[in-house]
Amino acid sequence: MNTIFIIAFIVAVFASIAAWLNTQIIVRELAEIKEKLGIKEHKKSSFLDRDLDND
């Protein structure tokens, strides 16, 4: 029974890595499309932009 769980866990790890890679490819392709269409990127402000350590 433990073997089945280990195999399922390994498959889940590989699937999550594949999903992350696929997301990165899609983001790169969207950036290229936006560049070709001349769409400017709007950066949304975040509370992380006002980091006090950067003073």
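Ile 17 counts as partly exposed because its relative accessibility is 42%, where partly exposed lies between buried (under 20% relative accessible area) and exposed (over 50%), with a 1.4 Å probe and protein chains only. The model is predicted, so local features need pLDDT of at least 70 and side-chain atom pairs count only at pLDDT 80 or more, while totals for chains, interfaces and linings use all residues. Residues are numbered from 1 along each chain as its sequence is written, and side-chain values use heavy atoms, leaving out hydrogens and water.

Ile 17 sits in helix 1, which covers residues 2-37; helices are DSSP runs of H or I with at least four residues, and strands are runs of E with at least two, numbered from the N terminus. Helix 1 has 36 residues and spans 52 Å from first to last C-alpha, close to the expected 52 Å, a figure given by 1.5 Å times one less than the number of residues. After helix 1 comes Gly 38, with a positive phi near 75 degrees.

Buried residues account for 0% of the 55 residues in the protein chain.

Between Ala 31 and Glu 41, ten residues apart in sequence, the C-alpha to C-alpha distance is 8.9 Å.
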